[in-house]
Amino acid sequence: MLKVQNLQTAFFTDKETIRAVDGISFDIRLGETVGIVGESGSGKSVTARSLMGLVESPGRVLDGSSIQFHEPDTVRQYASDFSSRVVDVPDLEERYDVAELFDREELAATPETFGYDNRHEVPLVDVLAAYGPELDLIDDKDCVFVTRRNGDGPSGISDGFVEITQLEGESLRRMRGDHIAMVFQDPLTSLNPVYTVGNQIKEALSLHQGITGRDATREAARLLEAVGIPDARRRIKEYPHQFSGGMRQRAVIAMALACDPEMLICDEPTTALDVTIQAQILDLLDELQDTRDLSIMFITHDMGVIAETSDRVNVMYAGEIVESAGVKSLFANPKHPYTEGLLGSIPGQQTGDRLNTIEGNVPTPNEPATYCRFAPRCPKAFDECSAVHPRAVDIESTDAEDHTAACLLYPEELSEQQRIDYHELSTDMEKY
Ligand SMILES: Nc1ncnc2c1ncn2[C@@H]1O[C@H](COP(=O)(O)OP(=O)(O)OP(=O)(O)O)[C@@H](O)[C@H]1O
Ligand code: NI
């Protein structure tokens with residue numbers, strides 16, 4: 001559904017360049033919940049804002065980043081609404097040899113940037129999505145999405161994606177409302193205090209689904225009921241301040257659903273709520289996901305919440321993903337010392353009487369990562385950790401999902417010197 005590759009988002013301030021998101025890759029499949037977890041300042045919210053095209057100056061998503069939204073109906077709709085922006089992949093594949101593109105100077109990437117060892121394996125579409133304009137393969141302004149055809153016109157499109165980083169104006173607004181919706185920590189940022197809750201939901205219905213008048217009133221009440229607000233017909237006439245915190249967050253979720261999105265991004269949606277209400281909201285999201293086949297990206301700093309919500313998890317630290325795994329594998333077999341630290345700080349999980357938290361704070365990533373950013377806080381760090389940047393290593397998984405950890409302790413079966421070479425030289429594992 002969503003494929004994020006080498007996403008880099010930086011803030012350019014007078015003083016420094018903050019690499020808030022520094023080359024992360026992950027994907028989200030249809031109907032699944034993917035968790036993003038990490039301490040304050042690790043880059044979770046900037047990741048979410050990047051996916052929504054909501055990064056504000058002095059920040060921007062850097063060239064070479066790719067965010068692909070794959071959903072055939074969406075792609076067909078965009079192809080018909082923005083027809084000058086279609087790129088025909090099979091046609092380009094006939095004209096360009098991917099391996100040769102890596103000889104060009106404009107391609108500031110290696111096959112590894114795209115997740116491949118060998119340049120002949122990299123699909124042209126991946127290069128196109130991130131570097132199409134730089135390589136003059138596609139036009140800078142026109143081409144926002146890429147399709148594979150097996151027939152003429154939008155109905156002939158069988159596969160493809162919308163490249164979100166290239167969207168602007170109307171096409172971006174539509175992606176944000178119609179296809180990806182967001183729920184924030186504080187429901188009051190999404191609700192306008194001077195309009196009734198019902199009117200705000202009706203506004204979203206009109207804007208994104210073209211439902212107006214009495215139909216909209218009926219639908220708004222139905223949505224409030226669906227998110228578990230009792231006496232919905234009466235409550236749509238109330239203002240946000242007449243709702244409790246938990247009810248407000250339910251109303252915000254109803255507003256998000258009024259757009260009928262395929263994907264929901266939840267940025268700490270329950271952090272401001274007390275524990276009982278938090279559990280109710282998590283149950284609600286779970287139920288909505290089942291009934292609507294929603295894909296959810298769930299951001300939290302709380303490993304306990306991850307355990308309850310997520311199918312797969314990406315652990316973020318200082319702008320990077322340091323570990324990625326299925327939720328069972330991550331909890332049963334955490335590999336990165338940072339993940340171990342996060343798991344150790346779940347209340348109720350401590351051994352002994354001292355609360356087990358990680359000392360110190362997330363550093364501001366204001367220079368390229370040439371070493372492990374967690375090393376200064378890591379109980380298992382050794383000298384080379386401050387000199388070599390670790391890359392993601394495949395770990396044997398305890399469930400069906402891929403499991404990777406970016407840490408110089410792995411691959412475990414190698415000697416320390418071999419591991420350092422492996423990370424430093426990006427050598428093929430087969431060499432060992
Ligand atoms: N508008 C901005 N200008 C400059 N730096 C920013 C801006 N927004 C975010 N940052 C920086 O980007 C980094 C990541 O911030 P982000 O908000 O994504 O963290 P987070 O993981 O969501 O943390 P939290 O759990 O506190 O919400 C931080 O170092 C932050 O200071
Ligand atoms: Ni945040």
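Here is a chat about helix packing, overall shape and a ligand shell in a predicted model.

Biologist: What makes helix 7 roughly parallel to helix 10?

Modeller: The axes of helix 7 (residues 197–209) and helix 10 (residues 245–258) cross at roughly 20°. Angles under 35 degrees count as roughly parallel, so helix 7 gets that label against helix 10. Their axes come within 8 Å, and the crossing is right-handed.

Biologist: Which residues in helix 7 and helix 10 meet there?

Modeller: From helix 7 you have V197, Q200, I201, A204, L205 and H208, and they meet A251, A254, M255 and A258 in helix 10. Sorted by class, that contact has 8 nonpolar and 2 polar residues, with no charged ones.

Biologist: What does helix 7 use to meet helix 8, and which classes turn up?

Modeller: G198, I201, K202, L205 and S206 in helix 7 meet A216, T217, E219, A220 and L223 in helix 8. By class that gives 5 nonpolar, 3 polar and 2 charged residues.

Biologist: Stepping back, how do you know whether the chain agrees with a compact globule?

Modeller: Compare two numbers. For 432 residues, a compact globule would have a radius of gyration near 22 Å, and the chain has 23 Å, so the two agree. Along the principal axes, the C-alpha atoms fill a box of roughly 70 × 65 × 45 Å. The chain holds 15 helices and 15 strands.

Biologist: And ligand 1: how many residues surround it, and which are the closest?

Modeller: There are 15 around ligand 1, the closest being A20, S40, K44, S45 and V46. Strand 2 (17–28) and helix 1 (44–51) are the elements that give two or more residues to this shell.

Biologist: Which element gives the most to that shell?

Modeller: Helix 1, with 3 residues.

Methods:
Residues numbered from 1 in each chain as written. Chains lettered and ligands numbered in written order. Predicted model: local features only at pLDDT ≥ 70, side-chain atom pairs only at ≥ 80, totals over all residues. Axes fitted to C-alpha atoms, helices over the stretch in contact; angles between N-to-C directions. Helix = DSSP H or I, 4+ residues; strand = E, 2+ residues; numbered from the N terminus. Parallel < 35°, antiparallel > 145°, perpendicular 65-115°, else oblique. Left-handed = near helix turned anticlockwise from the far one by under 90°. Contact = placed C-beta atoms within 7 Å. Nonpolar A, V, L, I, M, F, W, Y, C, P; charged D, E, K, R; others polar. Near = placed C-beta within 6 Å. Rg over C-alpha atoms; globule rule 2.2 N^0.38 Å.
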